[in-house]
Structures are given as C-alpha cells and as structure tokens.
Amino acid sequence: MQVMLLRRSFLQSRWSLPFLGAWFGRSAALAARPQRDFLKELELRTFINAAEPFTALSGSIMPPEVQQAWNYAATRHMRLDEVHDAVGRKIAALIGCPSAMVTAGAASALTLGTAACLTGLDRDKVRRLPDTTGMKSEVIIQKSHRYGYDHAVRNCGIRYVEVETLDEIERAIGPNTAMMHFFNTNEPMGQVKLPEFAALGRKHGIPVLNDIAADVPPLSNFTRSLQLGCDLVAVSGGKGLRGPQSCGLLYGNADLIKAARLNGPPNSDAIGRGQKVNKEEMLAMLVTLEQYFQRDHEAEWREWERRVNLVRSAVTKIPGVTAEMFVPEIHYRCPHLRVHWDAANIRLSVSEAIQRLRAGEPSIEVRPYTKDGLELSVWLLAPGEVDIVARRIAEVLKAG
Ligand SMILES: *Cc1c(COP(=O)(O)O)cnc(C)c1O
C-alpha cells in the first residue's frame, strides 16, 4: 500500500514513466550481471602487498565499512562545503582538536596548510599565490628535515630558511617568517626536537606545521603534535590509517583550517584547486577515522606479531636462513620481518629475491630496500595471505 502510494506520487511529479522504467531497469540488470573482470580486461596483475601502503602500489584495501561509505556517497548529490563542514567537525571531535579538513593526501595538506599561513582569510592573497609579493613568505626548517615532499610546501612560492640549532631558529625568525615546518619522521636526525621547535613557534607567534604522514600508528601521534603546541598537522589517509589512498587530513587551529579551505576546492581561483576531494573521499575518511579510533590497537599488534612469527618459522627451517622481527622507529611503526641468508648456501641477491616474488604466482611485493636483507610487512595482508607469503618466500629461497 505504502509502495503504491509512493509510486503514484512519484509518477505525478515531474518524473516521467519511461525515464523511471529505464532507470530501474538498468540498475536491476546491472545488479544481476556478473561483475566485470577489469584486471583481465586491462591485462593487469594484482598482487599481495607485503610491502607498505605505497602510492605506487595503490595503497591498501579499504575496509568494507569504508567502501560502503564511499558507495553511499556515490549515489547521492551533496553540497560540497556542507559535507566539508559536517565531516570536518566530526573528525575534529574524534581527534580532540579545534578543526579538521579532508584533503587529497598528506601532500595536499602540506600545500593547503602552507597556503593558509601565507594568505590567512584574505581572498586577494588566495588568488595571487604562488606569487607571494607583499606576503610573509619564509618557512623555517631544519636542514635534516628537507625531503622530497617539501615540494608540496615550495609549491606555494615560499623560500625555505634552513637552520640547525635552536639558536639559529631564534635568529632566523623575523618579520618575513610565515611558518615553521617539521618533518616528524626525521625528528631523531635534527638537533631541535618537536617540543622545543613547537615551543619556539608559540613564543614568536609563528604557526608550526608537522608532517606525520606515515607516522600513525601509534594513535598517540595524532595528539602529540597538538599537545606540544603545533598549529597544523598533516597525515595520510591511505597509509597507517588504511583508508582511501586519495585522501589525507589537515587538522589543528580553526582559523588556519578556515584559511586552508579557502585555498582549495570548490574555490576555483586557488592554489589547491587541482587537489579535489569529493563527497566519496570525505565520507570514506570519516569512517576510516571512526574505525581507527575504535580499534583494539593492542590486539591488532598481537595479530601482526603472530603473522611475522608465522613467516619467520617457515623460512628459518631452511638451512642458512635467519630472520628477525623489527619495528621501524617512526615511519610505518608496526612489526615487520627481515630475512637473511648465507650466500654460500643460497646464491641469490636480495634484489633477485624481490624480483622472483614479484614475477611469481601469485605476485608478491615486499619492501624495496635491499641493504639489510629481505624486508616485509604483514599489516596489509588479507586473511590467508600470510601463509602464501611464507610459502612463496621459502620456495624462492630454496630454489636460490
Ligand atoms: C607519503 C608522505 C607524504 C604524502 O602523502 P600522500 O598522502 O601520499 O599525499 C607526505 N609526507 C610524508 C612524510 C610521507 O611519507
């Protein structure tokens, strides 16, 4: 009865019968048809990711709840700024910070965060970037914190002022200083650690941006930068969070996030216009964050250790093979396995082993570094894949 009524009122509206018929008919037919095999059509090979959620490897597989959020968003029209506001508020509440925005990756968060420090809420300045004439345009960074991703900051037309000591930072700060930039992973390499770096920013009223792109887990890294006084934090959505690879987050100071929003889409005359995120990315990021904050992180850690131990006992049965668990200090901080072998027994270089795992069936990617032995992660493996990885590594070593 209800359906009937609904249908009648539908038909009486501007929707025409042939249109509705075609629409429902098409979705029903699509649902009934077997899924297209795109890998086959495009002649592509999938693989097991025992490497990391690298961009070049398309990140990780989003959990079903995140995929659902993505699909939900894909079938509804929404006003982009309203989604930005609502999702940003929810994510900020989860993190416990004043404000947050979904960006097109951590690199985009670096660009939008820097742009925010340069332009504030001045729309004329927003239109002018990367021409920084008349704006504060120097960004202070420690020499040991220069890295490939600082291109995302340089994009904004800034000039880096490189420093090494606390004293040099004090002297470098001046009327032209727009921002101070910290690369979290390289904290041990620099003389000035985050607490002192952030405190100096506070003291002089200079916004401090910390890039923690791949440094979650641990969960505590979400709040550490804020507790220490950073104004902006950039993180990847598709690395340790294992959400959408096309996403990141910028969070922290509310005025700066507001300014960052002005420098990105939907605004068209803005430096971040090419870094578009749509409703799909935003809802998917919201669910990614909800899941991350609800997860039992200790149980997950134990599961990763179990997987590492499983591969380790399988490969160390082979004469001449040793293996140990290791946890990278900051970047991708979770249990990994490193495998060594005796060159007299097994005539195979690490890069040959990597190549054979890639070429084998199924194809397996491990970490691309060759200096210290064969290195692999286990956190992106689907159920059952850890046994395949253990078996394939053992086969490759035995054949070597
Ligand atoms: C990966 C990474 C980025 C870029 O992150 P995306 O989310 O891929 O844009 C920036 N900074 C660091 C330190 C990274 O590791």
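Biologist: Which helices and which strand each supply at least two residues of the lining of the largest pocket?

Modeller: In this predicted model, they are strand E1 (48-50), helix H4 (64-74) and helix H14 (297-315). The largest share, 4 residues, comes from H14.

Biologist: Nice! Now the rings: why is the pair of Tyr332 and Trp379 called edge-to-face?

Modeller: Two values matter here. The centres are 6.0 Å apart, and a pair needs them within 6.5 Å. The planes make an angle of 70 degrees, and over 60 counts as edge-to-face, so that is the name this pair gets.

Biologist: What makes this a link between distant parts of the chain?

Modeller: Tyr332 is in the loop between strands E9 (321-326) and E10 (336-341), while Trp379 is in the loop between strand E12 (374-377) and helix H16 (385-399); the two are 47 residues apart. Both also belong to one aromatic cluster with Phe54, Trp301 and Trp304.

Biologist: And are Tyr332 and Trp379 buried or exposed?

Modeller: Buried means under 20% relative accessible area. Tyr332 has 5%, so it counts as buried, and Trp379, at 4%, therefore counts as buried too.

Biologist: How do you know that Arg338 sits over the ring of Phe326?

Modeller: Its charged end is 3.9 Å from the ring centre, and the distance limit is within 6 Å. The charge must also be within 35 degrees of the ring normal, and Arg338 is counted as sitting over the ring.

Key. Residues numbered from 1 in each chain as written. Predicted model: local features only at pLDDT ≥ 70, side-chain atom pairs only at ≥ 80, totals over all residues. Heavy atoms only, no water. Phe/Tyr/Trp six-rings, centres within 6.5 Å; stacked < 30°, edge-to-face > 60°. Buried < 20%, exposed > 50% of the residue type's maximum accessible area, 1.4 Å probe, protein only.
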